[in-house]
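Biologist: I would like to learn how to read the helices of a model. Could we go through a few of them?

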Amino acid sequence: MTSSALLWQLLSDYGAACEVYIPNRFDEGYGLNTEALSEIHASGSALVITVDCGIRSVDEVKHANQLGMDLIITDHHHPGADLPPAFAVINPKRAGDQYPEKMLAGVGVAFKVARALADRLGDPPNVTKKQMLELVALGTVADLAPLSGENRALVYWGVKMLNQSERIGLKALLPAARLSQGQIRAGHIGFSIGPRLNAAGRMDSAKAAYELLVTKNPESAKSLAWTLENHNLERQQTTEYVTEEARRAAVNADETNIMFAAHETFNSGVVGLAASRLQEEFYKPAFVAAVGETHTVGSARSIREFHVTDALDQCSDLLERYGGHAAAAGFTVANENVPAFRKRLNAIAAEALADQDVRPVISVDMEIDLAAVSMELAVELDRFEPLGYGNPRPTFLSRSVNVMNSKTIGKDHSHLKLTVAAGDSPYLDAIAFRFGHRIAELTPVIDLVYTVEVNEWNGRRRVQLKVKDFRPALI
């Protein structure tokens, strides 16, 4: 969506007659498909530029070539053995590509195309680099591209632009996300803005989110923002249902190295979110899929020891289409091939993980006394922004922490809230998301692993610990 908005605004500003086509994941799946290309050709278009997709669409590009259309592929996913025979294929991960930053998000690649056009044609009259960078920040963080290298610089400046943005749709979305312009950080994109933009495509059509990014009508922006908010609430409820049912199905299955769940009642828009929850909970590669009339459409989330797209490469003869990264991927498989696909995935995982010590690991940056945690420390840590995937918030370990109070919170009591202290130090609030089931493991004195954040509520700013793990203190 951000890539589409960026290139549409740029090309339109140069005077090109262009339209955006965003596939409906429920009817078309992800990325290029021959039916859409035929429809686009029939509309009179002679050139298709893909964003964030197409690197494995060999057959689809051949179809476009037969129709007489040119295709330019811009993507950041891992290429397959053969590149599509397009007019141009722009992807930093393709063999022989000399661009130094290999981990650009899809919108980062689109931005590079935009800047190359500006170098060739001169700066566009109305679209500024500032307007492009705010879209780059949104897409880079929401797509979980690592916030290191060039991505770190792009997001650093992009977040600054977001906090000054005149984009009407984004300004309309902020109240629904309970955010104020001037206070947006990378984390707010990942946990508040991004999920609302993505909710449109997960529950209905992603077009609403795209239109929010490009609209210049204030009333339309308000309507679209609340449409996304309603989609987001629906997305949360649907995710809880699919996650619970997928957990039950996967736990009751006989797999030992992966989690696999597929069902007719699953919503294909949230299977990736459910897979992510299972991967985090069980630390196994997780595959969750929605079964349709003829095909099963799913998503996978993996662990660091298992490259999931390489695994799908070994199942390519069973799949209709697939693609992704080392840690995440999507796939479409004919229903009759699901049992064989599942069996092969189990065999691949069993071989890949046989000699590995497979268990989650938390990297602690420093052991400190809890008494050292203060507002001054929290403010100092904020200088590491943008923080997120690939540049995580510093993690601390404090031993022999006193638990002064504890309770479960949330409508389903899934979260855990603590009040902790060390010696005569001031009490600190701590929040442990999805740790509600572990309240019985608490002892009066614990060893605590956490990050330090500033919690702002009703105009008050307080230091808060975000718990990553705990255990009874080893005294």
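Modeller: Start with the term itself: a helix here is a DSSP run of H or I with at least four residues, numbered from the N terminus. Note also that this is a predicted model. One such run is α6, and Leu144, which follows α6, has a positive phi, near 60 degrees.

Biologist: What should the 14 residues of helix α6 span?

Modeller: The expected span is 1.5 Å times one less than the number of residues. For α6, residues 129-142, that gives 20 Å, and the end C-alpha atoms are 20 Å apart, so the two agree.

Biologist: How many residues of α6 are buried?

Modeller: Buried means under 20% relative accessible area. In α6, 10 of the 14 residues are buried, so the helix is largely enclosed by the rest of the structure. Among them are Met132, Leu133, Glu134 and Thr140.

Biologist: Which helices do the buried residues of α6 pack against?

Modeller: They pack against α1 (2-13), α5 (106-121), α7 (149-162), α8 (168-176), α9 (186-203) and α10 (207-214).

Biologist: At what angle do α9 and α11 pack?

Modeller: The angle is about 70 degrees, and the axes lie 8 Å apart. Angles of 65 to 115 degrees count as roughly perpendicular, so α9 is roughly perpendicular to α11. On the α9 side the contact involves Pro195, Arg196, Leu197, Ala199, Ala200, Arg202 and Met203, and on the α11 side it includes Leu228, Glu229, His231 and Arg235. By class, the contact residues are 6 nonpolar, 3 polar and 5 charged.

Biologist: Is Glu219 buried or exposed?

Modeller: Glu219 is found in α11. Exposed means over 50% relative accessible area; Glu219 has 55%, so it is exposed.

Biologist: What covers the buried residues of α12?

Modeller: The cover includes α11 (218-252), β5 (286-291) and β6 (295-301). The buried residues in α12 are Val271, Gly272, Ala274, Ala275, Arg277, Leu278 and Gln279. As for span, α12 has 12 residues, 271-282, and reaches 16 Å between its first and last C-alpha atoms, close to the 16 Å expected.

Biologist: Which residue just after α12 takes a positive phi?

Modeller: Tyr283 does, with a phi of about 50 degrees.

Notes. Residues are numbered from 1 along each chain as its sequence is written. This is a predicted model: local features need pLDDT of at least 70, side-chain atom pairs count only at pLDDT 80 or more; totals for chains, interfaces and linings use all residues. Side-chain values use heavy atoms; hydrogens and water are left out. Helices (H or I, at least four residues) and strands (E, at least two) are DSSP runs, numbered from the N terminus. Buried means under 20% relative accessible area, exposed over 50%, partly exposed in between (1.4 Å probe, protein chains only). Contact means heavy atoms within 4.5 Å. Axes are lines fitted to C-alpha atoms, for helices over the stretch in contact, and angles run from 0 to 180 degrees between N-to-C directions. Angles under 35 degrees count as roughly parallel, over 145 as roughly antiparallel, 65 to 115 as roughly perpendicular and the rest as oblique. Ala, Val, Leu, Ile, Met, Phe, Trp, Tyr, Cys and Pro count as nonpolar, Asp, Glu, Lys and Arg as charged, and the others, Gly among them, as polar.
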